[in-house]
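Let us read a model together, one feature at a time.

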Amino acid sequence: MTQPDTKASSDNVLSVRGLRTVFHTDAGTAVAVDGVSFDLAAGETLALVGESGCGKSVTALSILRLIPSPPGEITDGEVLFDGRALLGLPENEMRRVRGNDISMIFQEPMTSMNPVFRVGAQIASVIRLHRGLGRDAAWAEAVRALERVNIPEAARRAQDYPHQLSGGMLQRVMIALALACGPRVLIADEPTTALDVTIQAQILSLLRDVRRDTGMAVLLITHDLGVVAETADAVAVMYAGRIVERAPVAELFASPAHPYTRELFQSLPVMNAGAARLHAIRGSVPPATAYPAGCRFHPRCSRALPVCALREPPAVNVGPDHTAACWLHCPEASAEPTAGEGGKGA
Amino acid sequence: MTDREQQERSAGYWRLVWRQYRRNRPALLGAALVLFFGVLSLAAPFLANDTPVWLVKGGKTYPLPNLITYADLQAENLYNNFDRWRPGPGEYALWPPVPHGPLRQDLRARLSAPGPRHWFGTDDRGRDVLSRIIWGGRISMSVGFISVGIAVLVGVILGALAGYYGGWVDAAVLRLIEIWMCVPSFFLIITVMALLDPGIMNIMVVIGLTSWPEVARLVRGEFLKQKEMDYAAAARALGLGDGRVIFRHLLPNAVSPVFVAATFGVAGAILTESGLSFLGFGVPPPTASWGEILKQSQSYVDFAWWLVLFPGIAIFLTVVAFNLVGDGLRDAMDPRLRQ
Amino acid sequence: MSGDLLVVRDLVKHFPVRGGVFGRAVASVRAVDGVSFSIPRGATLSLVGESGSGKTTTGRLVLRLVEPTAGEVSFDGTDVLRADKGTLRALRKRMQIIFQDPYASLNPRMTIGGMLGEILRVHRLARGAAVAARTAELLDLVGLPGAAADRYPHEFSGGQRQRVGIARALAVEPEFIIADEPVSALDVSIQAQILNLLKDLQERLGLTYLFISHDLAVVRHISTHVAVMYLGRIVETAPAADLFAAPVHPYTKALLAAAPVPDPAARRDRVVLAGDVPSPINPPSGCPFHPRCPDVRPECSQTAQRLVDTGGGHRAACAVHAPERH
């Protein structure tokens, strides 16, 4: 099996290796994340892209160990933050990491904040918890955090309750909250999906500015390839719990290697094109309790080989820093593949 | 859908609820107890009776004399004196497990403690307590179910109309509910019972008519939520009439909390009936009722512990059983708790 | 224009905001504030806008699921808003709607077959054994297997549920369908399937669509005409190709610029519109867009603009870019 090139581990602020998260349900064990590995370098924005059910959100929650423990369970893998293993940490130390070293923002700003506390108080409480400042100092810091995300009249806005703010403002508040303690990594789970398109543009622009100013690394979870093109440096495409392709953003859009990625691009309605018929990927996503044997995409793939139904493809280099888990790119596709784990991105 | 999914049987709402309910041990216990008491009440004529269940006498076979009055047995005045009759050769009587009727007095055995002849003892007229508890269960269960049935019927209709139409219909129903809830229900019931003839029908109707406001409020609340859903708009957009939309589309989705409230309501009705009987406003004597046994026990409480303990346990177990079922139903119906 | 299937004129809907002890109306949400458009037979008009634009409310007004405050809606010559119960019921067979949320738009307690069967029976479109046959036909039309009729909505995925919603709309054999954000809640690959299905059905059954969406790329693919809405008014309307090629109104331009394009080379050269999407309770005076408009002039806050023809069926309401000629 070809090992993909990895960056020197000292550059990577976050390293995920062989992460496996399952959910025990009535209908069986659902393997939501199955052997996911990737690296996030300092200052880089990596987009984890996929459709619903591919496991991208579960990956993000697993990194921060926010998976509800029955029915979920992280059964395998390791997560290294600056070389430190997170999965084995005792809970009180993990709490020091959350919000402090690694922060997360969520999709629905309206439900992600506590409705009975003022927004300034919520930010201030995080600051006091992790940075140990006194009440007044923490409040001043909270106001400053709101100013940094371009909220007009920050001192007044800090006194508002979440329901008094619009969706776009609340998302800014969430970002302020996430950044309040200067984290090295920001995990953004579909941060703009619930927002109007003009507000989305503002938030993406804000995220770019924040990255530039703080050198923070961002793990961006999204299903929107437009957002990926706008914001990401590198992209990892997920399907059915695995990473099927990983590449720098320009390279991925210019020459997608994995059939799923290619068909995904083909099914996008694009504004510049005429009103042609859209390419639709036939079939549907397999349930997490019953993945097909071999390559998980093969039942829907228009270019499947016989080996695709038998064995999981390994991750293969198809270009500069570009890997894809597909037998079509494997020179040994017709030969006996060596024993090894299935497709992973770098 | 995959082939596998097509082969599985379609899972309706109640099947899903049952799957979730099954996981809850206390709820299953509650359901078992409710079933037990239900069977007990239904089978009372076969469980505790002073008339045999099967009789072969004088060469003739009399099936179910406990239910059927046979003219020739009646002529021999046996129906009140079966305990004194002994089967002769070739004659045979199959007795129920508790061979005493609830009304059968045996003054020589008054206030006897539990023993081999009367397993739960006797009251001050010599009536077997176990038999009275079994038959008292009938009163409690029927009062429970029928009064709640009345409350649910009235409450669902009024709540649905109020929730769906809004405006003055809603205002009128809300005012009704508010007026009804201002009066403490138990005192209202006592007052009404004092004015009416005592009787089980009156009790059931009165309890039912004092409990409908809670049901109506629940249903109204659910309707307010459900009518905003897209499927309700779709039904209207398809030209379906109001009646159909209310009763065939919205109502099935709005009644889940009613089931939970109904189970708690049965428990409450049983308690209320026992309270009424205890105070003397319930079913008139000599009909057996748990509250009525308790009422009697007051005079003999210093030594006749069996007159207090057994009806008390019966009331306690039944109420707990219904509460467990209600809790279990509520958890099983909550979509967020589903795995 | 004769030959138009649907004509909407000056449609207005204000929702009262009640306050005080007696529930008097203290303010009103001006959800739809004077909307006019017409749709020719066989065309697809898309209403595009962000939240608060009034596009969803407009759709419901056209179908009279919500009673309007003022205005006219005429379907094939029949006045929809003043129709009596009988006429309205007949109209309901010709005008249908598909909803956005595949999870809330189907009754969770009815099987698919039960739901379709009820529609067929109530409208006397089939009876007895014919009901099952027609149900199977409808399911086949939207690409679902016949066995789906015995299942409940929760057993289906979002995309499949959306197909069921389409089958439901088709059951009454309508001529006109309002599609209210039908693909917004779906994944990209499923979105493509549903959009293709909608286009196929339009060709096969000769349907006319009013398509409501906030996703410009989707709108581009499905529409023949587009109307852009902002704060309850139409600010620009044009044939689809024209609108995307040469937008006139500053809001349309901002909207087109804000939509993220799946092309990394095209980034960081966009004008980001400042400010929040306004609330329709207190709309700005004059042109509702003027507080955020990059090309604003003093007269913009004075008078409300009307849609002015700029040629080729293209109309825009902007004093600066489409001034009224006196």
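**Reading the chains and their contacts**

Q: How do I read contact range, and what share of the contacts in chain A between residues at least 6 apart in sequence join residues at least 24 apart?
A: Take the contacts between residues at least 6 apart in sequence, then ask how many span at least 24. In chain A that share is 66%. Keep in mind that this is a predicted model.

Q: What is the share for chain C?
A: Apply the count to contacts in chain C between residues at least 6 apart in sequence. Of these, 62% join residues at least 24 apart.

Q: Which secondary structure elements does chain A have, and how many?
A: Count helices and strands separately. Chain A has 11 helices and 12 strands.

Q: How much of chain A is buried?
A: Burial counts neighbours around each residue: 20 or more other C-beta atoms within 10 Å makes a residue buried. In chain A, buried residues are 50% of the 346.

Q: Now chain C. How many helices and strands does it have?
A: Chain C comes to 9 helices and 12 strands. Its radius of gyration is 21 Å, close to the 20 Å that the globule rule gives for 326 residues, so chain C is as compact as a globular protein of that length. Its C-alpha atoms fill a box of roughly 70 × 55 × 45 Å along the principal axes. Buried residues make up 50% of its 326 residues.

Q: How is chain B divided into domains?
A: A domain may take in separate stretches of sequence, as domain 1 of chain B does: 3-44 + 131-337. Domain 2 of chain B covers 50-95. Taken over C-alpha atoms, 41 Å separate the centres of these two domains.

Q: How do I read an interface, and how many residues of chain B are in contact with chain C?
A: The size of an interface is often given as the accessible area lost when the parts come together. Here we count residues instead. On chain B, 19 residues are in contact with 26 residues of chain C. Helices H10 (230-237) and H11 (242-254) of chain B each supply at least two residues of that side. The largest share, 6 residues, comes from H10(B).

Note on methods: Residues numbered from 1 in each chain as written. Chains lettered and ligands numbered in written order. Predicted model: local features only at pLDDT ≥ 70, side-chain atom pairs only at ≥ 80, totals over all residues. Contact = placed C-beta atoms within 7 Å. Helix = DSSP H or I, 4+ residues; strand = E, 2+ residues; numbered from the N terminus. Domains from an automatic or database assignment. Rg over C-alpha atoms; globule rule 2.2 N^0.38 Å. Buried ≥ 20, exposed ≤ 12 C-beta atoms within 10 Å, placed from the backbone.
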